[in-house]
Amino acid sequence: MIEIYNTLTREKEVFQPIEEGKIRMYVCGPTVYNYIHIGNARSTIAFDTIRRYFEYRGYEVNYVSNFTDVDDKIIKAAKELSITAPEVADRFIAAFEEDTAALNVKPATLHPRVINHIPDIIEFIAVLIEKDYAYESNGDVYYRTRKFKDYGELSDQSIDELEVGASQRTGTEQLQKEDPLDFALWKAAKPEEISWESPWGKGRPGWHIECSVMATKHLGDTIDIHGGGQDLEFPHHENEIAQSEAKTGKKFANYWMHNGYVTIGEDDEKMSKSLGNFVTVHDMVKEIDPQVLRFFMATTQYRRPIRYSEATMKDAQANLQRLRTTVENVNFRKDTAEDKLADDEQNIQAIQALEARFVKEMDDDFNAANGITVVYELAKWLNQYIERAEVSAATLQYGLDMLLQLLAVFGITFETAELLDEEVDQLIAERNQARKDKNFARSDEIRDLLKDQGIILEDTPQGTRWRRA
């Protein structure tokens, strides 16, 4: 029984999908004007892990995540790069796909783009105008925020509190509004900016309308889960609810999920492009194993903030290496294992008990920190088992398959094929003979030679094995 913390109600609720065994899930994607930083990657990895856990539990997930490819930032980048706004978007969509593939993020079922949904957006806005939830003003179209009675419920803010902040804004746009709280659905075209024809003149969509349109178009008027970063809770998701429910008259999303920030520095400052304190994934994966970053992000409960530092990354790297070494140890031990032993059933039951604990922890609002702790216990159990004088191939394979299956929930995969190639095998055989001959100088020379090639030797009771450093 999976429980989810619903931002809308601010409590954990038992998850009940609209359609048995299937999940309609929409997660706000990136604005594609630059490379994503690891703060952006937090959301992508968090919801990919949640999706993977749902699939592990047997659900079919229709996972939609958009690309915002029409935006002020994209227009600015196009001017700076002397290319068109769609060309900017194409460039950084390709970069996003490359970077997230390196992080082993599964592609969404669908990645809709704003540029391909302009007629749908215009039609959606027209319905809001017809229902008197929106109005045109000098080529712009605004949403009548006060008309939506539940506005502010998601972010737990009152209209009065919001009015104080909105009344302090100035500028031409504010003068065009009926109310300072109203927000733009359609923006009149400015000279040399990308635009489309509409009933209100040439222009382009506002930011908030795009997700309402694409979520309802591809997943239906009511969806199971809507997710995104904590920073999107207000105003973006608040506005999505107002737009969508005003148009359809139905509840927009049954569960709202928001991941925590990535912070950096001693003051735990939020990582963001605007503050200039970010590290791009594109640069980072050139320097480190992308799986380390994936592991670092995926094994923290999604609502918790993550502190990024050199120390926390080193911890993640060490923990990941221990798990990789466990997989290598088990594979190596299988070579000297018996087919079956008398205590196989007992051992398999012990492994199944650990899986049940993993499910219990992850069912509790996807508590990845507790879930990975159970995985560590399984790895410890396997490492102790392979030290026995006699081991069973059946138990080893069952335990290894379980370990890899649970790690896959976090997006972690290891190469399980035979590691030794002919050259390394020959060198190890030569070293073993040198040790028998008490030629320790040659033995050490071979060890150092392999070490220079990134090969670490481990002498075990079952023979010498190796792993990459």
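Guide: Welcome! Two strands count as a pair if DSSP finds at least two bridges between them. Helices (H or I, at least four residues) and strands (E, at least two) are DSSP runs, numbered from the N terminus. The model is predicted: local features need pLDDT of at least 70, side-chain atom pairs count only at pLDDT 80 or more, and totals for chains, interfaces and linings use all residues. Residues are numbered from 1 along each chain as its sequence is written, and side-chain values use heavy atoms, leaving out hydrogens and water.

Visitor: How do you know that β3 and β4 pair?

Guide: Strand β3 (residues 22-27) meets β4 over six bridges, in the parallel sense, and the rule asks for at least two. Here V27 stands opposite S65 in β4.

Visitor: What makes β4 and β10 edge strands?

Guide: The open sheet has four strands with parallel pairing, in the order β4-β3-β9-β10. Both β4 (60-65) and β10 (253-259) pair on one side only.

Visitor: Which strands does helix α1 lie across?

Guide: Helix α1 (residues 38-56) lies across β3, β4, β9 (223-229) and β10. Helix α8 (residues 233-248) also packs on the sheet, touching β9 and β10.

Visitor: Which residues of α10 meet α11?

Guide: They are Q291, V292, L293, F295 and F296, and their partners in α11 include M313 and L320. Contact means heavy atoms within 4.5 Å.

Terms used:
Axes are lines fitted to C-alpha atoms, for helices over the stretch in contact, and angles run from 0 to 180 degrees between N-to-C directions.
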